[in-house]
Each structure stands twice: as C-alpha cells, then as structure tokens.
Amino acid sequence: MTLARPAGIRPPGLAPLARVARLDLTLLWRNRSALFTVAGLPLLFAAMLVPMKGKPIEGVDGALLQGTGHLAFFVVFAVFMNLVNGLTARREDLTLKRLRGTALSDSEILGGGVLTAAVMYAVQAGALLVLLGAALGGRFPADPLLLLAGLGGGVAVFALLAFAVSGLTPNSDMAALTVLPIMFACMGGAGVMFPLDALPAAAQEALRLLPLSPVVEIVRTAYFGQDFVAYGPHLGVGLLGGWEACARSFAVLAAWIVVGRLLAARWFRWEPRRA
Amino acid sequence: MQTSPPIQVTGLHQRYGGFEAVAGISFDVREGELYALLGTNGAGKTTTLETLEGHRPAHAGTVRVLGRDPHRDRRDVRPRIGIMLQEGGFFGDLTVAETVAHWRGFTPRPRDPDEVIGPAGLADRADVRVRQLSGGQKRRLDLALALLGRPEVLFLDEPTTGMDPEARRATWTIVRDVVDAGTTVLLTTHYLEEAERLADRLAIMHRGRIELAGTVREVVAGHGDRISFRLPERFQVAELPALGGVRAGIEVDGGRAVATYTVTGQGLQAGLYDLLRWADGRRVALDGLHARSASLEDVFLSTAEGADQ
C-alpha cells in the first residue's frame, strides 16, 4: 500500500533529468542571446585577467587571485542569471505549464534545468582553470575535491535563489533588472572585483555573509592550498586543512540553501498571474 | 477493475482572490464517454479543466481522476492522462518533428511519431519550426502531443479554436476515433456545433455554475419548437394570431422583422395548422416560413439570458 504524498518528494529519475537537460541544451544553442550570457560574458571577464598578471595581491599573483574569484563568480552568469531568464520566459510562454502536463515530475522539470546550468558552469570553470594554468602561471588546484564541493554548493544556492527571483519577475524583459541586486551585491561584496581589506572589520564581516562570499573563500582556499577564510596572511593548509579552514564558509552556504529553499517555495510560480 | 467513473467532480469551488470562478459544480464522466463543457468566456470551463488536470488544488469540494486526487497524486495520474492546453506552451525554436521527439522522451510507452504526426495533418510540416505554424496547426500539434502517451483520459480545452472548417472537421474525426477506441474525453468549447457533433453528454456552464446538463436531446427537451416567418408588410405583430395560446415574438433579421413562436409539448403540428389556416383566410403569403425543434443554440442563449436576469 502506498501512502499519498506530495508530488516532487519522490527523487527525480536520472533518465528524465537527462532528457530535460538535452531539451534545454538544444534550446540554449538556438537562442543566441542566452548563449551569450553563458558563454560570451565569461570570455569577456577572462580577457580582463591578462593585464593583472605578475602584480601580486594578498601574496599571490593578481591574475590568479582575480581568476579564482571569477571561478566562483561565473556561477552568477551560468546558473543564477541563466535560470532566472529561462524560468521566467518559460513561465510566461506557458512552456513550464505544458511540460508539467507530461509525465515528468516537478523535480525532473526543474532539476533538468539546473543540470543544464551546472554543465554550462562546469565547462566555463574547466576552461578558466586551463587558462589560469596554461597562460597565467597558475597551478593545478591544491584540493580539487574541496574546489568541486565549493562550486557545487554555489550551484545549489544560486539555483534556489534563481527559482525565488524568477517568481518575483513579472516577465522576461524585467529579468534583466531583477537579477541586478543579487548580481551587484555578489560582484562587489564577495571580494572578486576588488579586495575588501580597506573596509571596516564589521563591514567585511557582514559582506562575508553574502551568498557568493563563501564560494569565493572555498574556491581560493582549494586552489592555492592557503587559508583564504581567516584574516591576515593566507597560511598554507595541509591535506585536509582546507576543509577545516572552510567549515565556516560551508555553514554560510548551508544557511543560504535553507533560506533559498524557503524563498523558492514561497515565490516560485509555474504559471503567469491571472489578469 | 474500474468501477467508479474516470472523472468525478463533487461540489467544486475555485476562487481567484475575491472572484469565484467555479461556484459549486458536480458532474461525472463515464468511461469511454465524451463530455462537453459548454459556456461563454469566463463561465469557469478552463478553471474546471485545469483543476482536473492537477494544475491547482480544489478550493472546496473534491475532484477525482481515475480514482485519484489529480493535484496531490499528479505523479501517478499524469502518465495516464493527455492534456491539450487552451493556448501556447510550445518551444518556437524546435521543429514539429523535434517537438514530438522530445515529448516522446517525457512519455512512458509513447506512440511512434508517424502515428500522431500524420493523423494530425502535419506530415508535410514536420521539419518546420513551431513558431512558423499557423494557429490551427499549433492546435493540431497540441492534440498530437496529448495523444502521444495513449491516455486513458483526455482533456481538450477548446480544441478547434482558430481552425478553418476543414481542419475542424478533421479534428472532430480524430477525437471521435479516440473516443471509439475507449478513451474518456472531457472537452470545453464555445462552438455549439462541436458539442452537438461530438458530445455524448454535455453541461452548459454560466458564471461558474452548471445551468443544464444531460444528452443533447435531454438538454434541448422542454425548450419548445420554433415557428418563424417574415412579418408580412401590411400586418402589425398584434394582428397575428395566438397559436395554442402563445403569442408571436419579433426578432429583426437582415433588416426585416421576423415573427417567432415558441410552442411547447405537442403544439407544433396544431400551431402550424392554425397559422396556415389564418394565412389562407387572409390570402397572406408567409415568406421564409420555418418550423423546427429547439436547437442547442436556442437553449444556450436562453440559459445565459435567464441566468443573468
């Protein structure tokens, strides 16, 4: 006997997830403006790294410090903006509703979209790592597993935030505006565009609670093998020391996952509002 | 073993804010039957349909599809039903064939693409991007997708809107075949002819309520027969005879006054006899003389008017 339970609690099937992701990739390939957001913008940002090469900041090469920041920051393009745009457009043109009329479950429809975004992000991150290593004097990440955990955590947080923000976005034209607060806050506040050392300690501490900040801390710690969470000189960490150093960052990520989940459940909508 | 009807609606209410879109309706659709919800725009047809499709929970009352709650148990219900939305919801950048191919991936035990594309009349449009299809072609693609999973219950929301008469007839044939094969169908329409042609039973909805329900014959029964003719030039309405106690009403059609009697029961033959004798006695020719039983349209219009008053 099966008990009645809400749809979506059952875990999504892997094959349906892959089929939804395949549909998403096909559509992304045919939508040049969306393709630019996920492929063109990162290229632009990567080009900006070149002049930073050889200028040390915080005890490491400037291009690498900035580049590892981008590694984290690209999640905002590939996952957050991509999903807000895509989900809003699909809600308004009723394709979400139509997909929901198939045998696919809610978690498969949304999960397929997240999977596509995560793949795009992985491709960008991979390309950037190759660029850092090959052209900018970088190294192989000191702790690849920690790096992956940081990027994965970023995907989860920003996918949930995208569900919530798309629910507040009335149409796809407005999506260019509604993503800005989170985008700018993350850009400026996570220490990607400029170092935060000059700010008062209380302000620095507050900015570290932004959703992108822990991703940046984890990614840099994992890449350089140095503690980028604590203040002061970035001391080297041992084999598992990186995880210990990043415990606090993971806690912030976990808190954002809880908040994002609540906001998504509250704001996300499958259908346009009725006139 | 299926003993209860595939679709059951009991005391359904739906609200949007303060607006009551569905105000307490009940009906069943039996296995293998085509049931039509007929009504003007805003009557609550689509809201009823979407509740049955599981898009939203019932505000009050219960709905059951294949014995399940279609919203709460939608993972179990969805694979067994087919849905044709009222509008939109296609990816314009995909071709017809690609759309069907992707949808087959989302459907357990799907039909072959040729099994749905051909009958929908889209064989020569298979490689055309969906955004380039006409409105009627999009409706037919929609129907093709709804049939892909061999549904036990099929929901059609205004399936022939935007189609030319030929495409409409072709669509009726497809729907009829689906019903003949044992599928239970619930459709909404505001085309009276569509309901008359297809429906085993129907309900006329108005402002969120079911005003009348039954077979076409049952719904039309009791609404009288119509006798009409153009009012002769030299007569006033008041001079026309009463037929079985019924006086003539006047409608204007093409700039001419048309006298219409609505006679009930067995009054048609006797009424006609009285009318013809009257005309004979006065040597009047009754242009456009017409006698017929009430049509669904008559009932539909009088239902809407009666409910508004």
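In the predicted model described here, B:Ser228 stands opposite B:Thr260 in S12(B). That pair belongs to strand S10 (residues 225–230) of chain B and strand S12 (residues 256–263) of chain B, which run antiparallel and are joined by six bridges. Strands here are DSSP runs of E with at least two residues, helices are runs of H or I with at least four, and both are numbered from the N terminus. Two strands are said to pair if DSSP finds at least two bridges between them. This is a predicted model, in which local features need pLDDT of at least 70 and side-chain atom pairs count only at pLDDT 80 or more, while totals for chains, interfaces and linings use all residues. As for labels, residues are numbered from 1 along each chain as its sequence is written, and chains are lettered from A and ligands numbered from 1 in the order in which they are written.

S12(B) also pairs with strand S11 (residues 249–253) of chain B, again in the antiparallel sense, over five bridges. Here B:Asp253 sits opposite B:Arg256 in S12(B). S11(B) and S12(B) make a hairpin with two residues between them, and B:Gly254 in the turn has a positive phi of about 60 degrees.

Stepping back, chain B splits into domain 1 (7–220) and domain 2 (225–293), with bounds that come from an automatic or database domain assignment. Taken over C-alpha atoms, the centres of domain 1 of chain B and domain 2 of chain B are 42 Å apart.

Chain B also has an open sheet of six strands, in the order S5-S6-S7-S3-S8-S9, with mixed pairing. Strand S5 (81–84) and strand S9 (209–214) of chain B stand at the edges with a single partner strand each, so one side of each has no neighbour in the sheet. From one strand to the next, the twist averages 15 degrees. Within this sheet, strand S6 (residues 153–157) of chain B and strand S7 (residues 184–189) of chain B pair in the parallel sense over five bridges, and B:Thr184 in S7(B) is the bridge partner of B:Val153. Helix H5 (residues 135–147) of chain B packs on the sheet and touches S5 and S6 of chain B; its direction makes about 170 degrees with that of S5(B). For such angles, axes are lines fitted to C-alpha atoms (for helices over the stretch in contact), and values run from 0 to 180 degrees between N-to-C directions. Helix H1 (residues 45–52) of chain B lies across strand S3 (34–39), S6, S7 and strand S8 (201–206) of chain B, and runs at about 150 degrees to S7(B). Contact means that the C-beta atoms of two residues, placed from the backbone, lie within 7 Å.

Another open sheet in chain B has three strands in the order S2-S1-S4, and its pairing is antiparallel. Strand S2 (19–29) and strand S4 (60–65) of chain B are the edge strands, each pairing on one side only. Direction ignored, neighbouring strands of this sheet are turned by 25 degrees against each other on average. Strand S1 (residues 7–16) of chain B and S4(B) share five bridges in the antiparallel sense, with B:Val9 opposite B:Val63 in S4(B). H1(B) packs on this sheet too, touching S1, S2 and S4 of chain B, and its direction makes about 120 degrees with that of S1(B).

Turning to chain A, its secondary structure comes to twelve helices and two strands. The radius of gyration of chain A, taken over C-alpha atoms, is 19 Å, close to the 19 Å that the globule rule gives for 275 residues, so chain A is as compact as a globular protein of that length. The rule itself is 2.2 Å times the number of residues to the power 0.38.

Where the chains meet, the contact takes 21 residues from chain A and 22 residues from chain B. Helix H1 (14–30) and helix H4 (95–100) of chain A are the elements that give two or more residues to the side of chain A that touches chain B. H1(A) gives the most to that side, with five residues.

How confident is the predictor? The pLDDT is its confidence in each residue, from 0 to 100. Chain B has a mean pLDDT of 91, with 98% of its residues at 70 or more, and chain A has a mean of 89, with 96% of its residues at 70 or more. Over residues 1–8 of chain A, however, the pLDDT is below 50. The complex gets an ipTM of 0.84 and a pTM of 0.85 from the predictor.

Technical notes. pLDDT = per-residue confidence, 0-100.
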